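Open your viewer and get ready to select as you read. Each stop tells you what to pick and what you will find there.

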Amino acid sequence: MPELTGRTALVLGASRGLGRAIALTLAREGAAVVVTYRSRVAAAQGVVKRIEAMGGAAIACAVDAGDAADVERLWRSVGDRFGTIDIVVVSVGGDWKPQEIVAIEPDHWQRVLRLEQDAVFYCLRAALPSMRAQGWGRVVLIGGHAVELWPMEPPVAPLDYPLGKAARHWIARNLGERELRHGITVNAVAPSWLDVPDDATIDARVIGKGLDQDRREGPGPQDVAEVVAFLCTERARFVSGSVIDVTPPHFPDETLGRLGGGADAG
């Protein structure tokens, strides 16, 4: 029996790319999956259909993850359908827009950080009470490899996006030990740059567990998804407060600007 049978997973930003790979992989491992999206309804419904074709259960739900009231609404509606949410994966992310700090518009800055930071806060606030009550839960935040070391000048990297990813790392490290006594693990997975293939290739790699990709090419979404799935199992019950890097076998300077969690705005 798949390890996550009987669990319900909510994946924020699951309509494409890395989020899609994570949603499908958790479904492959037996979890019922809530596929969230912000605007790509057709893409999200496609993920649901793919999960159902695998024999799993899934629903697609629209949410603005950076809005507290909308996240609360989502939790109520999902609770009516599945009951407790056991697993939360925050893959949703903000815009990538390298700019000098004086050129950044306040609206853009707030929009990025709402998705990178506030969405994590809103989801934890909604999820932790029921996880604590049942004595089991898994939270995985998608961060970014070496974000604390990114040069903060364009054109190499933006300022707001890696700040948000670094905040996710801090939250995971801070909450990981606190929540473990409740049977809850909180971790971050920090991918380097990801070469994201088309949906058909992502789907094929879920089934093949990512083993068809040449390791010399560096990690792909499925490599990250397999780490996320492991962290959600009982085998990882004492892995908490960690930031787990998923990196290529080499790290040339010219790729620095391509680094990131491969997050999906939904």
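This is a predicted model: local features need pLDDT of at least 70, side-chain atom pairs count only at pLDDT 80 or more; totals for chains, interfaces and linings use all residues.

**The whole chain**

Residues are numbered from 1 along each chain as its sequence is written, and side-chain values use heavy atoms, without hydrogens and water.

Colour by secondary structure. The protein chain has 7 helices and 7 strands (DSSP runs numbered from the N terminus: helices are H or I, at least four residues; strands are E, at least two). From the N terminus, the order is β-α-β-α-β-α-β-α-β-α-β-α-α-β.

**Stop one: helices 1 and 2**

Select residues 17–28, helix 1, and residues 41–53, helix 2. They pack at an angle of about 25°, with their axes 10 Å apart (axes are lines fitted to C-alpha atoms over the stretch in contact; angles run from 0 to 180 degrees between N-to-C directions). Helix 1 and helix 2 are therefore roughly parallel (angles under 35 degrees). Show Arg20, Ala23, Leu24 and Ala27 of helix 1, then Ala43, Gly46, Val47, Arg50 and Ile51 of helix 2: these make the contact (heavy atoms within 4.5 Å).

**Stop two: Glu179**

Now pick Glu179, in helix 5 (residues 160–180). Is Glu179 buried or exposed? Glu179 is buried, with a relative accessible area of 3%. Leaving out residues up to four places away in sequence, Glu179 touches Leu128, Arg132, Ile184 and Val186.

Notes. Buried means under 20% relative accessible area, exposed over 50%, partly exposed in between (1.4 Å probe, protein chains only). Angles under 35 degrees count as roughly parallel, over 145 as roughly antiparallel, 65 to 115 as roughly perpendicular and the rest as oblique.
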